[in-house]
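Here is a short report on one protein chain. Look at the sequence and the model first, then read on.

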Amino acid sequence: MCFLMDPQIGKKVCYVQFPQRFDGIDRHDRYANRNTVFFDINMKGLDGIQGPVYVGTGCVFRRQALYGYEPPKGPKRPKMVSCDCCPCFGRRKKKQAKKGAIGEGANLEGMDDDKQLLMSQMNFEKKFGQSAIFVTSTLMEEGGVPPSSSPAALLKEAIHVISCGYEDKTEWGTELGWIYGSITEDILTGFKMHCRGWRSIYCMPKRPAFKGSAPINLSDRLNQVLRWALGSVEIFFSRHSPVWYGYKEGKLKWLERFAYVNTTIYPFTSLPLLAYCTLPAVCLLTDKFIMPEVHKLYFLQ
């Protein structure tokens with residue numbers, strides 16, 4: 001909570017990620033459940049760029065980031081204009097507003113206030129669903145519910161929001177909340193937040209903040225690694241691939257993009273690794289070396 005409440009960068013933090021720590025792991029960690037290189041080295045490095053990736057557990061989120069909002073913008077300095085005597089601060093020219101609605105709350109030229117309010121309400125319902133109390137709560141920075149709501153109305157709205165069909169024809173699962181349609185939805189969720197301009201924080205307290213259970217046999221561990229690899233490959237070939245997604249906003253740092261690319265292409269490294277492990281054994285069994293002998297190199301003759 002201290003990171004989220006920081007007066008300087010706290011409002012731009014979308015989540016605070018903690019390393020995964022497990023119970024029941026043997027002293028030698030024979031199945032590499034601790035992932036020391038990833039959690040103790042890679043994630044620390046990402047914390048110095050735009051923040052670590054979301055790993056699916058051990059994380060504290062900011063509501064505004066899950067609701068698809070962009071981080072608040074800091075105060076901008078006025079432009080410098082030059083005059084005959086000395087440079088001075090000049091007034092900014094007002095940009096002519098484009099016609100039509102641009103996002104929620106845009107001014108609609110030629111429409112009265114009632115139509116403008118109706119259009120804004122329709123946009124929010126399309127985004128968050130048809131629940132007036134829930135939509136109002138998403139606009140409250142400190143969270144909570146409208147003070148005028150009665151307990152009976154809140155209970156009725158809660159039953160409506162948790163119903164199975166509430167998310168139909170909304171942006172939940174595509175732009176809001178956890179992103180659906182992928183085995184590794186955690187990477188997609190954090191990636192879209194970073195593309196909007198948010199940053200994340202990596203916290204490694206001496207005492208583990210979250211603990212879980214790890215695979216205790218080889219088959220479970222292999223199934224887990226296979227699921228992660230399939231999810232990474234799935235993201236690489238999807239429209240949310242970090243290779244080509246998120247350039248329009250331009251809010252994702254290049255080094256952070258490279259880190260996300262690395263999380264999606266690492267399964268392909270198994271191919272050269274397989275060749276590296278197989279060729280020496282083949283050479284040993286066939287008594288033939290993969291490189292030609294020196295006296296057979298015709299270009300040296």
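The count of salt bridges comes to seven, a salt bridge being a side-chain nitrogen of Lys or Arg within 4 Å of a carboxyl oxygen of Asp or Glu. This is a predicted model: local features need pLDDT of at least 70, side-chain atom pairs count only at pLDDT 80 or more, and totals for chains, interfaces and linings use all residues. Residues are numbered from 1 along each chain as its sequence is written, and side-chain values use heavy atoms, with hydrogens and water left out.

| Pair | N to O distance |
|---|---|
| Aspartate 40 and arginine 21 | 3.3 Å |
| Aspartate 29 and arginine 34 | 3.8 Å |
| Arginine 196 and glutamate 175 | 3.9 Å |

Aspartate 40 sits in helix H1 (residues 36-47) and arginine 21 in strand S2 (residues 21-23), so their pairing ties together parts 19 residues apart in sequence. Helices (H or I, at least four residues) and strands (E, at least two) are DSSP runs, numbered from the N terminus.

How accessible are the partners? Buried means under 20% relative accessible area, exposed over 50%, and partly exposed in between (1.4 Å probe, protein chains only). Aspartate 40 is partly exposed at 26%. Arginine 21 is also partly exposed, at 26%. Aspartate 29 is buried at 15%, while arginine 34 is partly exposed at 36%. Arginine 196 is buried at 12%; glutamate 175 is partly exposed at 28%. Glu175 and Arg196 also belong to a salt-bridge network with Lys192.

Now the helices. The chain has nine helices and seven strands. H7 has 19 residues and reaches 27 Å between its first and last C-alpha, close to the 27 Å expected at 1.5 Å a residue. The expected span is 1.5 Å times one less than the number of residues. Which residues of H7 are buried? They are Arg221, Ala229, Gly231, Ser232, Ile235 and Phe236. These cover an arc of only 160° around the axis, which puts them on the same side of H7. The arc is that of the directions from the helix axis to the C-beta atoms. The buried residues of H7 pack against helix H6 (185-195) and H8.

Just after H9, aspartate 287 takes a positive phi of about 60°.

Tryptophan 244 lies in the loop between helix H7 (218-236) and helix H8 (254-265). Its relative accessible area is 47%, so tryptophan 244 is partly exposed.

Terms used: Contact means heavy atoms within 4.5 Å.
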